[in-house]
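Dear colleague,

Please find the structure below, followed by a summary of what was found in it.

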Amino acid sequence: MSGVEGAAIWLVTDVYPPGCGGSGWSTHALARTLDRRGHSVEVISIDPRSSGVSQRVFDGIRGVEVGVRSARRNPLRRLGGRDYAHHHIERYLGERLRTDRHVRILHA
């Protein structure tokens, strides 16, 4: 895959370790593997407990948590209702992509 070696990759997910289920741990395994192969990896996830944006590092992987507390539904309870947290993450990603053009791959 010419042109993506050492690429900046953003992995967007609704849950990420610690304190998450299998999909979050799968995302972490992918992030660690990509990092070991020389890619610049950042995981972007949602945080239902806050309204702001925070940064953290888990097991050597950079992460950003987008607070969705003001969403109309709790994104951790998806029992057939519409989840409005996607508006928050969409706004965040749109702004980041306009200002931070080094990202080559966005995986969600």
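Which residues of α2 are buried? Taking buried as under 20% relative accessible area, exposed as over 50% and partly exposed as in between (1.4 Å probe, protein chains only), the buried residues of α2 are Ala85, His88, Ile89, Tyr92, Leu93 and Arg96. They lie on the same side of α2, because they cover an arc of only 120 degrees around the axis, the arc being that of the directions from the helix axis to the C-beta atoms. On the other side of α2, Glu90, Arg91 and Arg98 are exposed. The cover over the buried residues of α2 includes β1 (8–12), β2 (40–47), β3 (53–58), β4 (61–67) and β5 (103–107).

The model is predicted: local features need pLDDT of at least 70, side-chain atom pairs count only at pLDDT 80 or more, and totals for chains, interfaces and linings use all residues. Residues are numbered from 1 along each chain as its sequence is written, and side-chain values use heavy atoms, with hydrogens and water left out.

The protein has 2 helices and 5 strands, in the sequence pattern β-α-β-β-β-α-β. Helices (H or I, at least four residues) and strands (E, at least two) are DSSP runs, numbered from the N terminus. Of the 108 residues in the protein, 41% are buried.

Arg32 belongs to helix α1 (residues 22–36) and is partly exposed, because its relative accessibility is 33%. Leaving aside neighbours within four places in sequence, Arg32 is in contact with Asp59 and Ile61, where contact means heavy atoms within 4.5 Å. The C-alpha atoms of Arg32 and Ile61 are separated by 7.0 Å.

Yours sincerely
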